[in-house]
Amino acid sequence: MKETERIVKLFADMYNGSPWIDSTIMGALENISAEQAVARVIEGRNSIWELTNHMISWRQNVLQRVQGKLMVSPDNNYIEPITDTSEAAWQNTLKEMENSQQEWILFLKTFNEDAFETMYPRNGMTYYEHIHGIIQHDAYHLGQIVMLAKSYRK
């Protein structure tokens, strides 16, 4: 099995499969309403929706990096207030997450493994480190989302 195939499996499992951590992105988000997603469960901390948008934006940022584009990390770290709190807007956010997943899978299925060792000039990390880094980033924030979502379960 090629390394890119193993990484595709990691992405797929984390998204909606059977990851080692036993929680998935969609498993955590699919039963969350817009009202729950926007709620600030812990005062002064991010909402599920803000975390989801943050994950999507970093997925897009890192994907562009490994496609050769020099990216700037924003001062707000992709944490922005939610202005449209409708259910339709939340469903659009979930669709954006799905789109980011599909973009990553398509990219990885066509990625030349010789480029794993390419250095990204802004931080000196390889493309391989970036790809695994975004999986780690997803897992980190998935844990936060799971903890916040538990406040809605009785």
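Modeller: What follows is a walk along helix H5 and then its partner H1. This is a predicted model, in which local features need pLDDT of at least 70, side-chain atom pairs count only at pLDDT 80 or more, and totals for chains, interfaces and linings use all residues. Residues are numbered from 1 along each chain as its sequence is written, and side-chain values use heavy atoms, with hydrogens and water left out.

Start with H5 itself. It covers residues 87–110, 24 residues in all. Helices here are DSSP runs (H or I, at least four residues), numbered from the N terminus. From first C-alpha to last, H5 reaches 35 Å, close to the 34 Å expected at 1.5 Å a residue. The expected span is 1.5 Å times one less than the number of residues.

Next, the buried side of the inventory. Buried means under 20% relative accessible area, exposed over 50%, partly exposed in between (1.4 Å probe, protein chains only). In H5 the buried residues are Ala89, Trp90, Thr93, Leu94, Met97, Ser100, Gln101, Trp104, Ile105, Phe107 and Leu108. They pack against H1 (3–16), H2 (25–29), H3 (34–38), H4 (48–66) and H6 (127–149). Contact means heavy atoms within 4.5 Å.

Now take H1. Its axis and that of H5 come within 9 Å and cross at roughly 170 degrees. Axes are lines fitted to C-alpha atoms, for helices over the stretch in contact, and angles run from 0 to 180 degrees between N-to-C directions.

Who meets whom? From H1 come Thr4, Ile7, Val8, Phe11, Ala12 and Tyr15. From H5 come Met97, Glu98, Gln101, Trp104, Ile105, Leu108 and Lys109. By class, this contact has nine nonpolar, two polar and two charged residues. Ala, Val, Leu, Ile, Met, Phe, Trp, Tyr, Cys and Pro count as nonpolar, Asp, Glu, Lys and Arg as charged, and the others, Gly among them, as polar.

H1 has 14 residues and reaches 20 Å, close to the 20 Å expected. Its buried residues are Glu3, Thr4, Ile7, Val8, Phe11, Asp13, Met14 and Tyr15. Their cover includes H2, H4, H5 and H6.

Met14 leads on to H6. Ala139 lies in that helix. Beyond its neighbours within four places in sequence, Ala139 contacts Met14 and Ile21. Ala139 is partly exposed, at 26% relative accessible area.

Conventions. Helices (H or I, at least four residues) and strands (E, at least two) are DSSP runs, numbered from the N terminus.
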